[in-house]
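Here's a quick briefing on charge pairs and helix packing. Have the sequence and the 3D view open as you read.

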Amino acid sequence: MRKIWLFVAGAVAILAVSAVFAGLLTPPERLQQSVGVAAIGGPFTLVDEDGRTVSEEDFRGKPTVIYFGFTFCPDVCPTTLYELSGLIKRLGDDAEKLNFLFVSVDWERDGPEKMKDYVSAFDPHIRGLSGNEAQIEEIAKAYKIYYKKVPTDDGDYTIDHTASVYLMDQDGKFVGALNYGEDSDSMFAKLKRLAENA
């Protein structure tokens, strides 16, 4: 009888291990990783549109709305920043409770002067940040954003990139996103909550 129970226990153990490897069960360490807030955000060093060096510490204390793109972007970036400008206007005084950042992933063409000129076309709350290749790589990894340089037929290039606007709390923790093409009222509600929780 003892041999039968040992056989059954062994069979169950083998099945459990097989299920884990087959993806049917979630090992405890993977379960812990899948619960909670996504690991988005972290330290960075960039340059603002006035040529000053800034880091994530300069924006602590206020929630931050951060968007990644580039000034030569033909449609997604200007559309997003235009919509964001409208939302900022709608927020009224609550806009003062938030940081609004536009970070260029095009280190070859977008320096402080270019960023200053570009963001001047949108709401003045939006600050333009740029950096060298290493600095952009650092913040891209921290914020888990995708970007890729794509050659064009005329010998120039464009950049494919993440189109979402990230929402970070006053401690720099990721709390949500505004998605490209999302309903304006839905985006406004998210920004309003972010400001009220500041």
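In this predicted model, a network of salt bridges ties together Asp48, Asp50, Arg52, Lys116 and Arg127. The structure has twelve salt bridges in all. Side chains of opposite charge can pair when their charged atoms come close.

**Individual salt bridges**

- Aspartate 94 and lysine 192 join their side chains in a salt bridge, at 2.7 Å from N to O. That pair connects distant parts of the chain, 98 residues apart: aspartate 94 is in the loop between H3 and E4, while lysine 192 sits in helix H6 (residues 184-196).
- Aspartate 94 counts as buried because its relative accessibility is 12%, under the 20% cut-off. Lysine 192, with a relative accessible area of 26%, is partly exposed.
- Arginine 109 pairs with aspartate 106 in a salt bridge whose closest N and O atoms are 2.6 Å apart. Both arginine 109 and aspartate 106 are buried.
- Glutamate 182 meets lysine 190 in another salt bridge, 2.9 Å from N to O. Glutamate 182 has 15% relative accessibility, so it counts as buried.

- Met115, Tyr118 and Val119 are the buried residues of helix H4 (residues 112-119). Looking down the axis of H4, you'll find its buried residues within an arc of 85 degrees, so they line one face of the helix.
- Those buried residues of H4 pack against helix H3 (76-91), strand E4 (99-104) and strand E5 (126-130).

Methods: Residues are numbered from 1 along each chain as its sequence is written. This is a predicted model: local features need pLDDT of at least 70, side-chain atom pairs count only at pLDDT 80 or more; totals for chains, interfaces and linings use all residues. Side-chain values use heavy atoms; hydrogens and water are left out. Buried means under 20% relative accessible area, exposed over 50%, partly exposed in between (1.4 Å probe, protein chains only). Helices (H or I, at least four residues) and strands (E, at least two) are DSSP runs, numbered from the N terminus. The arc is that of the directions from the helix axis to the C-beta atoms. Contact means heavy atoms within 4.5 Å. A salt bridge is a side-chain nitrogen of Lys or Arg within 4 Å of a carboxyl oxygen of Asp or Glu.
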